[in-house]
Amino acid sequence: MLLGNGFSQACRNDIFNYQNLFQQANFGARDENIRGISDSFDTYDFEKIIRTLESAQTICTAYNIDLLIIDQISVELEQLKNSLIQVISQTHPTRSSSIDEQHRSDFYQYFW
């Protein structure tokens with residue numbers, strides 16, 4: 001069963017919040033640009049940044065902006081998505097049994 005970000009944050013907000021994940025993420029060669037976009041929009045929300053880059057691609061295409069710029073946006077989009085997957089994989093508990101009793105209690109209070 002897959003549970004979304006709300007479950008993860010309820011369970012371990014100290015790990016699974018956008019700011020923490022974003023700060024730990026490795027954006028490789030695109031790091032400066034992606035962090036700059038995050039700063040410009042005052043957000044650590046990966047999904048918001050992804051939507052912003054997708055919108056930028058659409059607008060650039062509509063205005064016939066240089067294809068190199070559109071390609072650069074595509075590369076940053078892919079890097080952002082891959083970095084999100086990577087950082088979640090690195091921070092996610094390997095087993096449900098590794099979630100201590102206090103965090104389970106916090107989770108149950110959040111949902112019930």
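This is a predicted model: local features need pLDDT of at least 70, side-chain atom pairs count only at pLDDT 80 or more; totals for chains, interfaces and linings use all residues.

Trainee: Which residues of helix 3 are buried, and why do they sit on the same side?

Mentor: Residues three or four places apart point the same way, because an α-helix has 3.6 residues a turn. In helix 3 the buried ones are I34, I37 and S38. They share a side of helix 3 because the arc they cover around the axis is only 100°.

Trainee: What do those buried residues pack against, and which exposed residues are on the face turned away?

Mentor: The buried residues of helix 3 pack against helix 2 (18-24), helix 4 (46-62) and helix 5 (67-91). Turned away from that buried side is a face with the exposed residues E32, D39 and S40.

Trainee: Are helix 4 and helix 5 roughly parallel or antiparallel?

Mentor: Their axes come within 10 Å and cross at roughly 165°. Angles over 145 degrees count as roughly antiparallel. Helix 4 passes helix 5 in a left-handed crossing, and the pair is therefore roughly antiparallel.

Trainee: Which residues make that contact, and how many are nonpolar?

Mentor: Helix 4 contributes residues including F46, I49, I50 and L53, while helix 5 brings I69, I70, I73 and L77, among others. By class, the contact has three charged, three polar and 13 nonpolar residues.

Terms used:
Residues are numbered from 1 along each chain as its sequence is written. Side-chain values use heavy atoms; hydrogens and water are left out. Buried means under 20% relative accessible area, exposed over 50%, partly exposed in between (1.4 Å probe, protein chains only). Helices (H or I, at least four residues) and strands (E, at least two) are DSSP runs, numbered from the N terminus. The arc is that of the directions from the helix axis to the C-beta atoms. Contact means heavy atoms within 4.5 Å. Axes are lines fitted to C-alpha atoms, for helices over the stretch in contact, and angles run from 0 to 180 degrees between N-to-C directions. Angles under 35 degrees count as roughly parallel, over 145 as roughly antiparallel, 65 to 115 as roughly perpendicular and the rest as oblique. A crossing is left-handed if the near helix is turned anticlockwise from the far one by less than a right angle, and right-handed if clockwise. Ala, Val, Leu, Ile, Met, Phe, Trp, Tyr, Cys and Pro count as nonpolar, Asp, Glu, Lys and Arg as charged, and the others, Gly among them, as polar.
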